[in-house]
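This report covers surface, strand and ring geometry in one protein model. The sequence and coordinates come next.

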Amino acid sequence: MDPSLQSTDGFLSLEECGVFQGDIKKQMQPSAENDPKLQELKKFLIEWINVQLKKEHIVVKSLEEDMFDGLVIHHLLQAIGGIKLDVEEMAMSAANQKRKLGVIMEAISQNLKLEDSEKRWDVNTIYNKDLLATLHLLVALARHFQPELALPPNVSVEVILLEPTRTGIKTEKSIEFITGEAVISSKQDAFDQLFELNPDKVEVVKQAIINFVNKHLANLNLTVTDLDTQFADGVILLLLIGQLEGYFINLSSFFLTPGSHENKIHNVSLALDLLMDGETLQYPINSEDIVNRDLKSTLRVLYSLFLKHKQS
């Protein structure tokens, strides 16, 4: 018995746990939400959703608070799967929200070809803002419709199974995986494969990209010699994008001499937004990774520019 779930007589009442005779309820350990891997997954999914729904002017800040009524999930289905359902845009009452959510959940089950036994969410858990169920749902959507996404791997949480007995609630702990091992895809994770299987070729790829970059920065009298560091503040990246895309980025919109971590994040985030808007990048990249000099992330960004402009 988990001490955090005990009441004065040793068991929680059925009413306190919200379960009834014959039900088994599952919930995350409260401490699990502080796990860095879980936080990383939540941040990744929020950024992914916001990129997909940017044209809709929808901004998600909390998976628990912004997903429960079905509005965001419906728009996300349209964006990533082209699925438009005959449901009202804004459902105001609880009954209408759950009815709308039920239609959406049924469409997801049909498109993902899931049996009831395979689903780790339902209308009630999503509507009740169950974070674990919401994460399982979003991960399933991402894997099905955009399998190239590099979801944070090996994310698991400790859960508690609550089973009603004649005297109260019996509890049992277990570990539940939300994402498994990283899967190498030809679209995004080619660089993972390069670093893991052909590390001797990394320098060759770096030099090819440096040659490409310097060719297009020559008009600005700029030279790149070190990919690991020179793109970390976003300045050269923004100037390169301007050269390749043929437009001028107003100097007042970014920090030409960034003096803080926040300034660098601003610059890199602006660059990544421009690349997403221009459909040069097909998946979100964390600006923190670029600023922190993660070579694979930097190579992914520059390679996307190389693929688009290698003939120019």
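Which residues form a nonpolar patch on the surface? Phe 248, Leu 251 and Leu 256 do, with about 330 Å² of accessible area together. The model is predicted, so local features need pLDDT of at least 70 and side-chain atom pairs count only at pLDDT 80 or more, while totals for chains, interfaces and linings use all residues. Residues are numbered from 1 along each chain as its sequence is written, and side-chain values use heavy atoms, with hydrogens and water left out.

Patches take residues with over 30% relative accessible area and no salt bridge, joining like charges within 9 Å and nonpolar side chains (Val, Leu, Ile, Met, Phe, Trp, Tyr) within 5 Å. A salt bridge here is a side-chain nitrogen of Lys or Arg within 4 Å of a carboxyl oxygen of Asp or Glu. Areas come from the Shrake-Rupley method with a 1.4 Å probe, and for residues only the protein chains shown count as cover. Leu 256 is found in the loop between α11 (235–245) and α12 (261–277); helices (H or I, at least four residues) and strands (E, at least two) are DSSP runs, numbered from the N terminus.

The table gives relative accessible areas; buried means under 20%, exposed over 50%, and partly exposed in between (1.4 Å probe, protein chains only).

| Residue | Relative accessible area | Class |
|---|---|---|
| Leu 256 | 48% | partly exposed |
| Phe 212 | 7% | buried |
| Phe 306 | 25% | partly exposed |
| Val 72 | 6% | buried |

Strands pair if DSSP finds at least two bridges between them. β1 (residues 25–28) and β2 (residues 156–164) pair in the antiparallel sense over four bridges, with Gln 27 opposite Ile 160 in β2. β2 also pairs with β3 (residues 169–177), antiparallel over nine bridges, and Val 157 stands opposite Glu 176 in β3. Four residues separate β2 and β3 in a hairpin, where Gly 168 in the turn has a positive phi of about 155°.

Rings of Phe, Tyr and Trp (its six-membered ring) pair if their centres lie within 6.5 Å; planes under 30 degrees apart are stacked, over 60 edge-to-face, and the rest tilted. The count comes to three aromatic pairs. The Phe 212 and Phe 306 rings are edge-to-face because their centres are 5.3 Å apart and their planes at 90°. Phe 212 lies in α9 (residues 202–217) and Phe 306 in α14 (residues 295–309), so the pair ties together parts 94 residues apart in sequence. Phe 212, Tyr 303 and Phe 306 form one aromatic cluster.
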